[in-house]
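I opened my notebook to record what I could look up in this structure, one feature at a time.

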Amino acid sequence: MTEGISMLTKPQFPHVVDSTMISALRECPQKMFRAYMQHWKPQLESVDLVAGGAFAKGAEVARKCFYEEGIDEDTSLGYGLTALTKYYGNFDPVIDTAKTLENMQRAFEYFFYSYPLGADGFEPLRVGNKLGIEFSFLEPLGINHPVTGDPILLSGRADMIGTFCNQIMLEDDKTTKQLGTSWAEQWEMRSQFTAYTWAARRVLDIDVVGCVVRGTAIKKTGFECMQVLTHRSDHMLEAWHTQTIRDLNRLITMWDEGYYDYNFDNACNSYFRPCAFVETCKTGQDEWLPATMVQRVWNPVSRIEQTVEEFEQELKDQGLFR
């Protein structure tokens with residue numbers, strides 16, 4: 001048997017969930033079980049995750065330098081570019097991709113040329129004693145953990161919160177391969193931004209109306225930017241919260257039973273990419289997993305991956321280990 005979390009024992013039920021985990025649950029409970037309860041991940045890091053994380057870190061640093069520390073725009077962007085480069089590090093994409101380090105650096109410069117610091121129409125909101133650069137939250141969902149009885153928490157992070165077009169909105173940056181109508185329309189019902197809006201209203205007790213989504217298409221031949229405003233009504237926020245509670249109750253039932261439902265449909269090949277667990281679902285055999293995957297635990301609070309040992313020790317330290 002491989003080291004890590006045994007597939008023969010009942011997995012830990014998550015104490016904290018984020019929009020990615022909720023999306024996986026709705027897409028396919030079996031995927032949620034494999035990826036976020038047994039914690040199987042591909043051995044090779046995803047270039048999309050590394051490049052996207054580097055871009056986000058660079059933007060965060062540049063904005064904090066400019067808005068919080070009062071550093072001039074060019075110097076702030078220089079600090080941001082350094083942070084992006086450090087985050088990307090020595091990562092080798094292996095596959096042919098436009099998201100190389102050099103291209104991400106150029107995309108970063110193009111983004112802030114399109115949305116200049118202090119002149120992009122978005123004014124960060126003062127939250128407590130600091131500005132709303134990176135709005136993070138950890139909010140009780142209103143459903144209790146099946147073992148500890150403690151509230152299950154919703155975790156998330158938006159790039160900014162502030163005023164835009166005389167409305168209080170969140171702001172989130174996305175990197176992609178291509179922009180257009182389909183890219184813009186996908187955010188209108190996206191649970192991620194409904195969760196962010198719901199949490200921001202709860203945490204700050206202010207009328208947050210939705211999210212400004214800024215996309216940067218990264219191509220080998222150049223770059224494009226697009227901005228989309230997506231609003232959330234009171235009805236939609238309430239319906240999202242009700243549905244999320246129902247979905248988590250369903251997951252608790254599956255956890256109790258030890259059986260996690262399959263999708264066996266479009267989710268198995270979304271966006272023409274086979275799910276990482278297709279072979280397991282086709283054959284019912286788990287033996288191949290250690291040959292192609294590793295067990296790494298995604299921590300939705302710190303937004304880093306941990307080893308199984310680190311994850312379990314953290315739960316033990318908090319008195320939450322089952």
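I began with helix 7, residues 191-204, where 14 residues at 1.5 Å a residue should span 20 Å, and I found the end C-alpha atoms 20 Å apart, which agrees. I kept in mind that this is a predicted model.

Next I asked how many residues of helix 7 are buried. The count is 10 of its 14 residues, so I noted the helix as mostly covered, buried here meaning under 20% relative accessible area. Among the buried ones I listed F193, Y196 and W198.

After helix 7 I came to D205, which lies in the loop between this helix and strand 9 (208-219). I wrote down its positive phi of about 55°, although D205 is not a glycine. Most residues other than glycine have a negative phi. D205 counts as exposed, at 68% relative accessibility.

With a relative accessible area of 84%, N166 is exposed.

Then I turned to an open sheet of 3 strands, whose order is 2-11-12 and whose pairing is antiparallel. Strand 2 (40-42) and strand 12 (304-307) each have a single partner strand, so one side of each is left without a neighbour in the sheet. From one strand to the next, the twist averages 65°.

Finally, I checked how strand 2 is joined to strand 11 (residues 293-299), and found 3 bridges between them. For W40, the bridge partner in strand 11 is Q295.

Notes: Residues are numbered from 1 along each chain as its sequence is written. This is a predicted model: local features need pLDDT of at least 70, side-chain atom pairs count only at pLDDT 80 or more; totals for chains, interfaces and linings use all residues. Side-chain values use heavy atoms; hydrogens and water are left out. Helices (H or I, at least four residues) and strands (E, at least two) are DSSP runs, numbered from the N terminus. The expected span of a helix is 1.5 Å times one less than its number of residues. Buried means under 20% relative accessible area, exposed over 50%, partly exposed in between (1.4 Å probe, protein chains only). Two strands pair if DSSP finds at least two bridges between them. Axes are lines fitted to C-alpha atoms, for helices over the stretch in contact, and angles run from 0 to 180 degrees between N-to-C directions.
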